[in-house]
Amino acid sequence: MRRPRLLSRLTRSLRIGAACLFLTLCLGAAAQAQSEPFYSGKTVRIIVGFTPGGFYDRWARLLSRYMPKYIPGNPNFLVQNMPGASSVIAANYVYNLAKNDGLTLLVPINSLYLDQIVGRKEVKFDALKFDFIGTQEKAPTMLYFRADSPFKTLADIIQAKEAPKCGSTGTASTGYLLARLMDEAFKAKLDTVTGYQGGSEIDVAVERGEIVCRGMDIPPHFGREPFDSWHKRGFDRHILQGGPKRDPRMPDTPTLFELMDQHHSPEVMRRVTRIVLGSGEFGRPMVVGPGTPAERVKILRDAYAKAMRDPGLIEEAKKGQMDMEHTPGEELQTLLKEIMNQPRDVLDRVKRILTE
């Protein structure tokens with residue numbers, strides 16, 4: 001009669017032992033999972049809002065090779081191009097469809113917020129809700145003229161009987177927007193010739209004398225041809241620059257804001273200019289979608305900053321003539337809030353300038 005009881009007790013003991021073993025294994029697995037970094041074994045995608053080959057794409061690919069070194073878990077990075085509507089398609093995808101878990105990054109056009117201000121129907125995002133990871137450069141604007149033209153200062157443009165001809169790729173280009181701002185702020189008219197395929201075609205047209213000026217970003221105007229040769233022989237003249245302060249490479253060229261002080265431009269015009277040309281301060285930014293956990297945003301920002309100091313990345317950027325001036329994501333976040341937090345009349349004026 002004792003044998004069944006012994007078997008029953010043995011069975012219960014085995015069951016309890018098995019349960020304890022299972023619990024121990026589960027707790028061990030959970031502890032191991034907690035000790036492993038989130039990014040371990042993961043793949044991070046960088047969505048670029050442009051086709052391959054341009055500087056937005058080149059920077060994304062360069063960072064994809066160096067950021068993993070500084071992320072706990074050393075994840076894989078994959079660059080995916082999603083061009084269309086000046087990167088609005090890519091921004092809509094990251095904002096609305098991708099999981100906001102820190103595994104999808106976005107490299108959009110630096111003026112993305114302007115599409116939102118204008119109220120384009122394609123925009124399905126709120127730029128203020130993206131979290132900025134960082135940018136690698138700043139791209140303030142400038143206006144150059146042929147040195148043998150009669151235009152030496154802004155006053156010469158204002159007083160000209162016939163507006164000088166400047167080249168532009170289209171109505172969304174730096175040159176076109178700069179011309180609109182100059183007309184709005186100073187009644188300084190530029191006859192903008194649009195339709196050029198790219199900046200190099202505009203520069204060739206300037207050399208041929210078809211046009212006499214071009215508005216462009218400052219960084220590519222230095223350390224590259226044809227501009228190095230131009231500067232050596234005094235071919236071009238720098239009339240103004242659009243950043244909030246003078247670029248060290250153009251110490252004698254006034255900023256638009258300095259010229260506005262001289263011409264007593266109203267405060268509303270200064271605010272409008274800050275919004276339209278503020279995109280240059282964002283360079284080629286990297287962001288993540290809204291709701292990404294704060295600790296992962298911090299991990300990505302730290303990795304971005306460390307990658308920008310990596311000697312290997314610096315050497316590759318130098319060889320590729322890729323300008324570097326790192327700005328942390330926190331500063332970009334503050335900058336965008338400052339730019340977009342404007343009175344309604346200022347935003348309406350920006351919209352009019354960008355859409356007329």
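The lining of the largest cavity comprises 11 nonpolar residues, 1 polar residue and no charged residues, where Ala, Val, Leu, Ile, Met, Phe, Trp, Tyr, Cys and Pro count as nonpolar, Asp, Glu, Lys and Arg as charged, and the others, Gly among them, as polar. The model is predicted: local features require pLDDT of at least 70 and side-chain atom pairs pLDDT 80 or more, whereas totals for chains, interfaces and linings use all residues. Residues are numbered from 1 along each chain as its sequence is written, and side-chain values use heavy atoms, with hydrogens and water left out.

Lining residues, which have an atom within 4 Å of a cavity point, include Pro108, Phe130, Phe282 and Leu336. A cavity is a set of points on a 1 Å grid over the protein atoms alone where a 1.4 Å probe fits but cannot get out. Grid points are joined across faces, edges and corners, and a volume is the space filled by probe spheres set on the points. The largest cavity holds about 110 Å³, and 4 cavities of 30 Å³ or more are found in the whole structure.

Strands (E, at least two residues) and helices (H or I, at least four) are DSSP runs numbered from the N terminus, and two strands pair if DSSP finds at least two bridges between them. An open sheet of 6 strands shows mixed pairing in the order S2-S1-S3-S10-S4-S11. Strands S2 (76–81) and S11 (327–328) are at the edges, each with a single partner strand, so one side of each lacks a neighbour in the sheet. S4 (residues 131–135) pairs with S11 in the antiparallel sense over 2 bridges, and Gly134 stands opposite Pro328 in S11.

Definitions and conventions
1 Å grid on protein atoms, 1.4 Å probe; cavity = no way out; pocket = protein on both sides within 12 Å on 5 of 7 lines; lining within 4 Å.
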